[in-house]
Amino acid sequence: MKRMIAESYELVTDSPSRRIYEVVKRIPKGHVATYGQVAAMAGEPKMARAVGNALHRNPDPEHIPCFRVVNAKGELSGSFAFGGAVAQERLLREEGIEVVDGKVDLEKYGIL
């Protein structure tokens, strides 16, 4: 009975934003993913912009590390997010990720 209730809850509370947040939680420390990768892993491969919108509304930045998400070129987010222009870079560097000219080397730090 408990399993059935849990499964029902999962079905009812499922949403693209929730799936996005769950994917972002799984990005390993010291790595990044692109908006497109997160969208695909969340089951919405053509909704990279939706990932950006969801992360902009991140309800729990302490547990949903949206700073680990970069664009397809490895570029960091603009100054509107993460508390300012240098905040994302600082957080990534704290995890050992090298940032050069506002970009991350996706071959070195990206998830597969």
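User: How many helices and strands are in the protein chain?
Analyst: The model is a predicted one. Read along the sequence, its elements follow the pattern α-α-β-α-α-β-α-β-β-α. The count for the protein chain is 6 helices and 4 strands.

User: What percentage of the residues in the protein chain is buried?
Analyst: A residue counts as buried when its relative accessible area is under 20%. The protein chain has 112 residues, and the buried share of them is 33%.

User: Which share of the contacts with a separation of 6 or more joins residues 24 or more positions apart?
Analyst: Contact here means heavy atoms within 4.5 Å. Among contacts in the protein chain with a separation of 6 or more, the share from residues 24 or more positions apart is 63%.

User: Where on helix 2 do its buried residues lie?
Analyst: Helix 2 spans residues 16-25, and its buried residues are I20, Y21, V23 and V24. Seen down the helix axis, these residues fall within an arc of 160 degrees, so they line one face of the helix. As a general rule, an α-helix has 3.6 residues a turn, so residues three or four places apart point the same way. The buried residues of helix 2 therefore lie on one face.

User: What covers the buried residues of helix 2?
Analyst: The covering elements include two helices, helix 3 (35-41) and helix 4 (48-56). A strand also takes part in the cover, namely strand 2 (69-70).

User: Which elements give two or more residues to the lining of the largest cavity?
Analyst: The search of the whole structure finds 1 cavity of 30 Å³ or more, and the space in the largest cavity is about 30 Å³. Its lining consists of P16, I20, A39, E44, M47, A50 and V51. By class, 6 of these residues are nonpolar, none is polar and 1 is charged. The elements giving two or more residues are helix 2 and helix 4.

User: Is A50 buried, exposed or partly exposed?
Analyst: A50 is found in helix 4. Buried means under 20% relative accessible area and exposed means over 50%. Because its relative accessibility is 25%, A50 counts as partly exposed.

User: What separates the C-alpha atoms of A50 and G36?
Analyst: A50 and G36 are 14 residues apart along the chain. The separation of their C-alpha atoms is 9.7 Å.

User: Within what arc do the buried residues of helix 5 fall?
Analyst: In helix 5 (residues 87-94), the buried residues are A87, Q88 and L92. They line one face of the helix, because seen down its axis they fall within an arc of 130 degrees.

Notes
Residues are numbered from 1 along each chain as its sequence is written. This is a predicted model: local features need pLDDT of at least 70, side-chain atom pairs count only at pLDDT 80 or more; totals for chains, interfaces and linings use all residues. Side-chain values use heavy atoms; hydrogens and water are left out. Buried means under 20% relative accessible area, exposed over 50%, partly exposed in between (1.4 Å probe, protein chains only). The arc is that of the directions from the helix axis to the C-beta atoms. On a 1 Å grid over the protein atoms alone, a cavity is a set of points where a 1.4 Å probe fits but cannot get out, and a pocket is an open set with protein on both sides within 12 Å along at least five of seven lines; lining residues have an atom within 4 Å of a point. Grid points are joined across faces, edges and corners, and a volume is the space filled by probe spheres set on the points. Ala, Val, Leu, Ile, Met, Phe, Trp, Tyr, Cys and Pro count as nonpolar, Asp, Glu, Lys and Arg as charged, and the others, Gly among them, as polar.
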